Amino acid sequence: MESTRSTPSPALAGLRGRCPRCGEGHLFKGFLAFRPTCEVCGLDFKFIDSADGPAFFVMSFVGLVVVALAMWVEFAYEPPMWLHAALWVPLSIVLSLILVRPLKGLMAALQFANRAEQGRFR
């Protein structure tokens, strides 16, 4: 089956959780587990190894946002510590859960687009 459609943007396909080759099939079978293959084009997803990359970027972004907001609230309003905990712990959890799946998909799509492989000794 030949497709006249061009390869989708890795960023768009990854962030949407779609196959990096056809842009149609689903990349995930659960919240973070990858499917074995694309149900549309048959691409084998065994090449994907996002490792800790998505977690690193999520922690970096969420940490920056939450710390900046917590400092602003502290200097502007001086709330008690229990209020800080009540605000920033749930925000950290929610932001992390919202961001981890799209970033994992993005890393998988970028691996496909750049033909990334495991490092090897000669």
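Phenylalanine 31 first. It sits in the loop between α1 (10-16) and α2 (53-77). This is a predicted model. The mean pLDDT of the protein is 92, and 93% of its residues reach 70 or more.

At 43% relative accessibility, phenylalanine 31 is partly exposed.

Now charges. Opposite charges on side chains can pair when the charged atoms come close. How many salt bridges does the count give? One. Arginine 35 pairs with glutamate 39, with the closest N and O atoms 3.6 Å apart. Arginine 35 is partly exposed, at 28%. Glutamate 39 is partly exposed too, at 44%.

Next, the aromatics. The count comes to four aromatic pairs. I'll show two.

Phenylalanine 47 and phenylalanine 112 have ring centres 5.8 Å apart. The planes of these two rings stand at 45°, so the pair is tilted. Phenylalanine 47 is in the loop between α1 and α2, and phenylalanine 112 is in helix α3 (residues 81-113), so this pair ties together parts 65 residues apart in sequence. Phenylalanine 47 is partly exposed, at 28% relative accessible area. Phenylalanine 112 is partly exposed, at 24%.

Then phenylalanine 56 and phenylalanine 57. Their ring centres are 5.3 Å apart and the planes are at 70°, so the pair is edge-to-face; over 60 degrees is the cut-off for that label. Phenylalanine 56 is partly exposed, at 47%. Phenylalanine 57 is partly exposed, at 45%.

How values were computed
Residues are numbered from 1 along each chain as its sequence is written. This is a predicted model: local features need pLDDT of at least 70, side-chain atom pairs count only at pLDDT 80 or more; totals for chains, interfaces and linings use all residues. Side-chain values use heavy atoms; hydrogens and water are left out. A salt bridge is a side-chain nitrogen of Lys or Arg within 4 Å of a carboxyl oxygen of Asp or Glu. Buried means under 20% relative accessible area, exposed over 50%, partly exposed in between (1.4 Å probe, protein chains only). Helices (H or I, at least four residues) and strands (E, at least two) are DSSP runs, numbered from the N terminus. pLDDT is the predictor's confidence in each residue, from 0 to 100. Rings of Phe, Tyr and Trp (its six-membered ring) pair if their centres lie within 6.5 Å; planes under 30 degrees apart count as stacked, over 60 as edge-to-face and the rest as tilted.
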